[in-house]
Amino acid sequence: MSSSESSSDVAIRVEGLSKSYSISHNGAQPDSLRELLVKPFQRSTEGRSIETFWALKNVSFEVERGDVVGVIGRNGAGKSTLLKILSRVAEPTAGRASLHGRVGSLLEVGTGFHPELTGRENVYLNGAILGMGRKEIDSQFDSIVDFSGVEKFLDTPVKRYSSGMYVRLAFAVAAHLESEILILDEVLAVGDSTFQKKCLGKIQDVASNGGRTVLFVSHSMNSVLQLCNKAVYLQNGTVRATGPAAEVAGLYINDGMTNMSERIWSAEDAPGNEMARLLAVRVMNAKGEVSGDFTMTEPVILEMEFAVYEAGHTIAPVFHVFNEQGICMFSKGNTENKAWLDRHYEKGVYRARCVIPAPLFNDGGYNVTPIIVRDYNHILANVTEAIHFELHDDGSGRAGYTGPMMGVLRPAFDWDFEEISAGIVK
Amino acid sequence: MSIVEKKSAGEVRPVSTDTSVPQSGSQRVTVIEPRSGLATINLSEVWAFRDLLFTFAIRDVKLRYRQTALGVIWVVMQPILSALIFNIIFGMVGKGRFTYDGYPPFIFIFVGQMAWSVINSSITRTTGSLIGNANLVSKIYFPRLVLPLSNIGSVAIDFGVSFAVLLILLVLYHIPLTIWIVTLPFFLLLTTFAAIGFGLYMAALMVSYRDIAYVLPIFLQLLMYASPVNFSSTGLPEDIKKHAWALLFFQLNPVTTLVNGMRWSLLGTNPPSLISVAVMTAFAVVLFYGGAFFFRTQETRFADVI
């Protein structure tokens with residue numbers, strides 16, 4: 001990613017790439033023919049405006065041949081927009097990108113798979129959609145089937161496949177696309193862990209043996225660190241940093257630690273309504289300090305402050321915790337503390353705290369959504385992924401094993417062992 | 001290599017056209033830029049993706065009768081049944097009011113329905129082709145024209161089956177084919193181009209305005225009854241002929257020329273006038289290129305809006 005390299009080594013060059021979307025307010029842009037026809041005759045256009053939203057703004061970077069580049073950033077940072085432009089699905093508003101070599105892009109596993117068609121038919125259909133010629137698919141067919149492991153069901157419509165089989169077959173087709181540049185959008189978030197591992201291996205093969213270039217979006221810092229030598233970090237549509245994967249990922253983790261572990265709202269913009277409002281939400285360590293950085297053996301404390309303006313309702317603070325793949329780890333309201341369960345609240349300001357015991361989750365980043373619920377079923381306030389915390393691997397639960405730890409949890413369980421026959425076993 | 005941090009400032013410069021430039025040697029270079037100026041139809045790029053076009057065509061044909069008990073029988077039954085229904089409505093219920101140039105009404109209507117279904121299904125399929133493949137459009141790049149054009153496959157298969165049925169019917173009714181059958185490819189092409197051209201406008205519009213899905217079927221139904229699909233255009237009932245505007249509409253209606261042309265080539269009925277065919281040919285070319293051009297100008301928005 002240094003510009004001193006000769007241009008023949010550059011696989012992807014992105015210069016000043018920008019993409020804007022228009023967001024209309026109060027019907028500023030006609031959404032149906034009726035509005036289009038009626039609009040010119042309406043006098044009042046007050047309150048109508050079109051807001052321009054820049055999903056990408058002046059993004060520039062270079063990727064050398066053979067690089068495996070992770071594109072990282074929070075939700076809405078512009079990662080998917082960047083990949084859509086590079087794979088020519090969306091057109092940039094300004095700027096330029098050049099890709100040197102045949103491009104294969106996989107923004108979603110199984111795009112174009114048709115449920116009514118058989119596995120065999122879908123391999124040909126999907127291959128053609130990805131840009132493979134009929135002969136190319138013919139020559140790769142056995143290898144694709146072998147990689148997917150669904151040979152027994154090749155002549156079964158894919159609607160009867162399990163989701164795992166479906167993903168395996170779809171990824172197998174894409175993995176056999178002989179492209180010099182491979183663009184992947186979070187395709188590894190699906191599928192079981194064994195197959196994920198196989199895919200990671202396949203991506204690595206593609207990059208190291210073929211001298212091919214891979215650009216891929218991931219929320220999982222683990223995959224980025226394992227797979228990528230470089231990374232591009234996007235923040236609010238601009239490039240925050242580019243460089244070696246470990247350093248950029250470190251910066252990303254660091255950013256998360258400093259600004260996301262606490263949110264406090266003023267009385268004017270507090271989420272909620274006239275019954276109750278959310279005043280603050282934070283993550284704290286066992287010492288009661290606000291922190292976004294934990295080891296896996298430290299308990300994580302989630303705290304919420306809220307104001308109740310109307311007496312007589314039961315109010316329930318609820319936390320939803322999501323991992324980096326967007327999977328909801330749990331939805332938790334109070335059912336344990338009987339004194340506050342079913343309580344009819346008076347007017348006032350309250351604080352609720354819950355402790356996530358350790359060890360429980362696997363390492364990685366977690367987003368917390370605070371919710372206030374009235375009378376068990378009515379949501380008063382809901383701030384999606386308001387705060388964030390990271391669990392760092394401290395080696396617990398590994399016992400000398402050094403590979404990647406699979407699973408969303410890394411809990412501690414009670415084990416029992418006994419020797420039932422002493423001495424030599426026959 | 002040290003870490004580089006960037007600030008978001010910097011001017012955004014205007015840029016030129018979107019092209020794929022083959023460079024010297026085997027290296028393929030794709031340049032991605034905002035499109036400026038007029039869109040080009042770029043049929044050569046569509047041709048480069050012909051494998052995909054055929055794959056879509058085959059997919060659509062394969063899918064049509066999956067999980068149906070009678071399967072391919074429906075392809076044969078559909079034109080026969082619809083000709084039968086319109087034969088009952090126009091030939092029997094409206095007895096005497098409509099004429100059939102001395103042909104058995106069933107054959108006459110069958111051929112009319114053959115021509116009409118080329119128009120109807122070309123327009124309907126083309127119009128729905130983007131919305132029906134929204135997932136592909138928002139996830140994968142390929143020339144978008146491939147989707148509407150791939151519908152020619154299904155339309156051609158339907159026509160081929162109907163044509164085979166017609167040959168059997170002609171033998172049963174002792175009606176010989178005439179030399180004018182040689183004009184069939186011309187009229188078929190003319191009809192398909194005009195219908196797909198119109199469909200391309202509708203497809204591009206439907207990405208933003210789903211209203212098309214409700215308006216179009218009504219419009220097509222109206223168009224069919226206003227065209228000589230189920231009766232002859234030469235012997236219109238007197239009470240209709242009295243209205244000058246109705247006659248004018250009949251003559252201006254492009255479907256009239258297409259249906260009469262197709263009937264002429266298949267049955268040897270009265271040929272459409274040379275002028276009407278010439279006008280229709282020019283109209284079809286304009287409609288198709290206009291449609292393709294409009295489609296291409298709207299294309300850049302598809303992935304954002306769909």
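**Exercise 1.** How many bridges join β4(A) to strand β3 of chain B, and do the two run parallel or antiparallel?

*Solution.* The model is predicted, with local features requiring pLDDT of at least 70 and side-chain atom pairs pLDDT 80 or more, while totals for chains, interfaces and linings use all residues. Residues are numbered from 1 along each chain as its sequence is written, and chains are lettered from A in the order in which they are written.
1. Strands are DSSP runs (E, at least two residues) and helices likewise (H or I, at least four), numbered from the N terminus.
2. Two strands pair if DSSP finds at least two bridges between them; here β4(A) and β3(B), residues 28-32, are joined by four bridges and run antiparallel.
3. Within β3(B), Thr30(B) is the bridge partner of Leu99(A).

**Exercise 2.** State how α3(A) and α4(A) are oriented to each other.

*Solution.* 
1. The axes (lines fitted to C-alpha atoms over the stretch in contact, with angles from 0 to 180 degrees between N-to-C directions) of α3(A) and α4(A), residues 134-148, come within 11 Å and cross at roughly 125 degrees.
2. Angles under 35 degrees count as roughly parallel, over 145 as roughly antiparallel, 65 to 115 as roughly perpendicular and the rest as oblique; α3(A) and α4(A) are therefore oblique.
3. Val123(A), Tyr124(A) and Gly127(A) of α3(A) make the contact with Ile137(A), Phe141(A) and Ile144(A) of α4(A), where contact requires C-beta atoms, placed from the backbone, within 7 Å.

Notes. Contact = placed C-beta atoms within 7 Å.
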